[in-house]
Amino acid sequence: QTCALPILMCLAGSNVHAQRAESLYKTGVRAESKGNLDAAFEAFRLAHEKKPAEPKYLAAFLRARLNASTKHIQAGQTLRDTYKLQEALAEFQRAAEIDGSNYAAQQEIRRTTDLIEKKERQEEQPPPMRAESSSMEKAAALAAEPITLNLSTDEPVSLHLFATADV
């Protein structure tokens with residue numbers, strides 16, 4: 001009778017452990033059905049941690065990880081398209097945090113970081129340099145227009161044209 005008590009406690013503890021994993025799984029299912037992919041991911045992750053050998057929990061965890069990561073990448077892309085670069089970077093970082101194997105998240109982090117650095121370099125450039133570069137751009141645009149010759153005499157004109165290797 002003394003030996004049976006620890007075995008019973010162990011079995012009861014195992015049952016509670018399983019119920020907690022099942023409860024977390026059900027919480028994840030409810031969150032997923034409501035579109036709350038982050039909460040679903042966390043619930044499925046915890047259920048999988050409690051019972052890692054259970055295929056149902058593993059499948060739900062992997063599915064939720066992919067869906068939550070994808071949702072954050074899409075949100076980040078939308079933010080980046082509206083030039084909210086810091087917020088976009090935070091979304092991409094969250095996607096990478098959720099799924100470290102998601103190459104798209106890593107790529108978006110690099111792309112957005114490059115855009116932020118480029119924007120900072122442009123803001124650090126002194127105003128006169130910006131004006132000069134814009135006037136140079138205007139001059140380049142004007143140089144690309146076709147040349148018109150206004151001849152006011154009837155005398156013949158000789159033109160010598162030279163072509164460069166760039167043509």
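This section describes the overall composition of a predicted model and the packing of two of its helices, H2 and H3.

The protein chain contains six helices and zero strands. Read from the N terminus, its elements follow the order α-α-α-α-α-α. Of the 167 residues in the protein chain, 22% are buried. The accessible surface of the chain amounts to about 12,500 Å², and carbon and sulfur atoms account for 58% of that area. Where contacts in the protein chain link residues at least 6 apart in sequence, 48% of them join residues at least 24 apart.

Two packed helices are described by the angle between their axes and by the distance between those axes. Helix H2 spans residues 37-50 and helix H3 spans residues 55-81; their axes come within 8 Å and cross at roughly 150°. Angles over 145 degrees count as roughly antiparallel, and H2 and H3 are therefore roughly antiparallel to each other. The crossing of the two helices is left-handed.

On the H2 side, the contact is made by Leu37, Asp38, Ala40, Phe41, Phe44, Arg45, Ala47 and His48. On the H3 side, the contributing residues are Tyr57, Leu58, Ala60, Phe61, Arg63, Ala64, Arg65, Asn67, Ala68, Lys71 and His72. Sorted by class, the contact of H2 with H3 comprises eleven nonpolar, three polar and five charged residues.

How values were computed:
Residues are numbered from 1 along each chain as its sequence is written. This is a predicted model: local features need pLDDT of at least 70, side-chain atom pairs count only at pLDDT 80 or more; totals for chains, interfaces and linings use all residues. Side-chain values use heavy atoms; hydrogens and water are left out. Axes are lines fitted to C-alpha atoms, for helices over the stretch in contact, and angles run from 0 to 180 degrees between N-to-C directions. Helices (H or I, at least four residues) and strands (E, at least two) are DSSP runs, numbered from the N terminus. Angles under 35 degrees count as roughly parallel, over 145 as roughly antiparallel, 65 to 115 as roughly perpendicular and the rest as oblique. A crossing is left-handed if the near helix is turned anticlockwise from the far one by less than a right angle, and right-handed if clockwise. Contact means heavy atoms within 4.5 Å. Ala, Val, Leu, Ile, Met, Phe, Trp, Tyr, Cys and Pro count as nonpolar, Asp, Glu, Lys and Arg as charged, and the others, Gly among them, as polar. Buried means under 20% relative accessible area, exposed over 50%, partly exposed in between (1.4 Å probe, protein chains only). Accessible areas come from the Shrake-Rupley method with a 1.4 Å probe; for residues, only the protein chains shown count as cover.
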